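Subject: Structure for you to look at

Hello,

Here is the structure I promised to pass on. Please open it and keep it in view while you read the rest of this email.

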Amino acid sequence: MKHDALIQTVIMTQSEWPLWEVFIRSKQGLDHKHVGSLHAADAQMAIQNARDVYTRRQEGISIWVVESKHVHASNPDDAEAFFDPANDKVYRHPTFYQVPDSIKHM
Amino acid sequence: MEDAMQFAPSENPALATYSPEVRQQLFRFVLQLADTSLILGHRLSEWCGHGPILEQDLAMANIALDLLGETRSLYQYAAELEGQGRTEDDLAYLRSATEYRNPLLVEQPNGDFADTVVRQFLFDNFHYHFLKQLVNNADERLAAIAEKSLKEATYHLKWSSEWVIRLGDGTEESHRRVEKSIAELWRFSGELTIPTALEKELQTIGLIPEYADIQASMTAHAERVMEEASLVIPQQVFMLTGGKDGRHTEHLGYILTELQYMQRTYPGMTW
């Protein structure tokens with residue numbers, strides 16, 4: 001019974017299925033964007049739940065789900081050390097080039 | 001409700017070519033399909049706010065809305081076929097239980113989640129395979145409605161099949177419950193493909209699919225799912241029929257009482 005272990009876990013944690021993060025691609029050529037999270041017993045159920053919860057109003061053409069425990073986040077306490085040093089380095093932006101008029105979508 | 005397809009009456013040239021008799025028969029059959037989707041959709045809508053988890057609550061509400069969309073297209077077509085000035089609302093809200101033609105399965109109570117899943121599975125297995133045939137139907141309007149509904153029914157069947165497997169192949173309790181639901185509901189499944197006198201006549205003139213043609217694929221799918229779910233298909237079940245001829249179980253009256261309350265109490269009321 002392959003779902004057995006999973007459902008046992010669910011019962012032990014009082015019907016709380018694992019949390020999943022949901023990413024939706026709204027149309028071809030765009031990135032998958034994080035849209036929210038939901039509970040599901042496994043990946044297959046997570047995708048179906050995502051379809052029912054997040055694509056009811058034509059929001060998407062593709063779904064990714066990732067179990068939330070696999071997402072590792074930066075620590076807010078590190079924010080200064082991580083992100084502030086980039087503030088005064090304008091030369092890292094490619095804004096000093098002349099873009100010819102014929103180049104679109106830059 | 002905006003989902004329902006809108007057709008101009010002139011869009012179906014076949015309508016003019018039907019004899020009054022065939023037109024009347026087709027009206028009754030389309031009405032039967034509409035009643036079926038309406039009653040099952042209503043049953044599912046009763047779960048709204050009571051689902052085991054939020055995600056499944058939404059899943060069932062989505063399926064209910066799909067069925068309601070299909071219902072509206074069918075009632076609108078039925079009203080045109082009848083040509084007596086009745087509207088889709090008249091057909092849904094102002095007919096009594098004995099005038100309803102849905103099979104018994106779809107009016108059965110929600111019970112527990114396993115009951116709802118099994119009822120849905122038995123219906124979806126029929127609905128999906130029936131619509132697959134109906135998309136090639138000689139009646140273009142029915143074919144068009146089927147084409148839209150088939151995409152939805154494909155998902156419904158996936159949803160209910162997976163839940164039968166999860167429950168059957170899950171814990172001891174889920175297995176016991178789904179087994180009980182199967183024992184209880186299987187006897188209503190036969191009616192879906194046992195043709196009534198009306199259906200036989202329409203099948204003879206080729207206006208609706210032969211149920212014999214879809215039986216094999218229905219059985220194959222049911223066997224595959226039940227096996228994966230570690231469940232056994234009940235054998236030699238006496239199949240209950242009558243719904244498609246207007247002889248219903250006690251449950252339909254209660255459904256209609258709730259469903260039709262507003263129109264019966266405040267006739268002609270609009271939102």
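Below are my notes on what was found in the structure. Please remember throughout that this is a predicted model.

**Chain A: the overall layout**

Let's begin with chain A. Its secondary structure comes to three helices and three strands. Read along the sequence, they follow the pattern α-β-β-α-β-α. Trace that order on your screen.

Chain A has 106 residues, and 24% of them are buried. The chain exposes about 8,300 Å². Now take the contacts in chain A with a separation of 6 or more. Of these, 43% come from residues 24 or more positions apart.

**The strands of chain A**

How do the strands S1(A) and S2(A) pair? They run antiparallel, and seven bridges join them. S1(A) covers residues 19-25, and S2(A) covers residues 32-39. For one facing pair, find Trp20(A): Leu38(A) in S2(A) stands opposite.

S1(A) and S2(A) form a hairpin with six residues between the strands. Look there for Gly29(A). This glycine takes a positive phi near 95 degrees.

S1(A) also pairs with S3(A), which covers residues 62-67. This pairing is antiparallel too, over six bridges. Here Glu21(A) has Val66(A) in S3(A) as its bridge partner.

**The surface of chain A**

Next, turn to the segment after helix H3(A), which covers residues 79-83. Phe96(A) lies in that segment. Is Phe96(A) buried or exposed? It counts as exposed because its relative accessibility is 61%, and the cut-off for exposed is over 50%. Together with Val90(A) and Tyr91(A), Phe96(A) makes a nonpolar surface patch of about 380 Å².

Lys89(A) and Asp88(A) meet through their side chains, at 3.2 Å from N to O. Asp88(A) is exposed, with a relative accessible area of 59%. Lys89(A) counts as partly exposed, at 22% relative accessibility.

**Where the two chains meet**

Now bring chain B into view. In the interface, 18 residues of chain B are in contact with 20 residues of chain A. The two chains bury about 1,800 Å² between them. Of that area, 51% is on carbon and sulfur atoms.

Over all chains, the structure holds 16 salt bridges.

**Salt bridges within chain B**

Start with Arg43(B) and Glu46(B). Their side chains meet in a salt bridge, at 3.0 Å from N to O. Arg43(B) is buried, with a relative accessible area of 8%. Glu46(B) counts as partly exposed, at 27% relative accessibility.

Then go to helix H7(B), residues 172-185. Glu173(B) and Arg177(B) are four residues apart in this helix, so about one helical turn separates them. They form a salt bridge, and the closest N and O atoms are 3.0 Å apart. Glu173(B) counts as partly exposed at 40% relative accessibility. Arg177(B) counts as partly exposed at 35%. Both also belong to a network of salt bridges that links Asp112(B), Glu173(B), Arg176(B) and Arg177(B).

**One last residue**

Finally, find Glu21(B) in helix H2(B), which covers residues 20-45. Glu21(B) counts as exposed, at 59% relative accessibility.

Best wishes

Key: Residues are numbered from 1 along each chain as its sequence is written. Chains are lettered from A and ligands numbered from 1 in the order in which they are written. This is a predicted model: local features need pLDDT of at least 70, side-chain atom pairs count only at pLDDT 80 or more; totals for chains, interfaces and linings use all residues. Side-chain values use heavy atoms; hydrogens and water are left out. Patches are made of residues with over 30% relative accessible area and no salt bridge: like charges are joined within 9 Å, nonpolar side chains (Val, Leu, Ile, Met, Phe, Trp, Tyr) within 5 Å. Accessible areas come from the Shrake-Rupley method with a 1.4 Å probe; for residues, only the protein chains shown count as cover. A salt bridge is a side-chain nitrogen of Lys or Arg within 4 Å of a carboxyl oxygen of Asp or Glu. Helices (H or I, at least four residues) and strands (E, at least two) are DSSP runs, numbered from the N terminus. Buried means under 20% relative accessible area, exposed over 50%, partly exposed in between (1.4 Å probe, protein chains only). Two strands pair if DSSP finds at least two bridges between them. Contact means heavy atoms within 4.5 Å. Buried area is the accessible area (1.4 Å probe) that two parts lose on being put together, summed over both.
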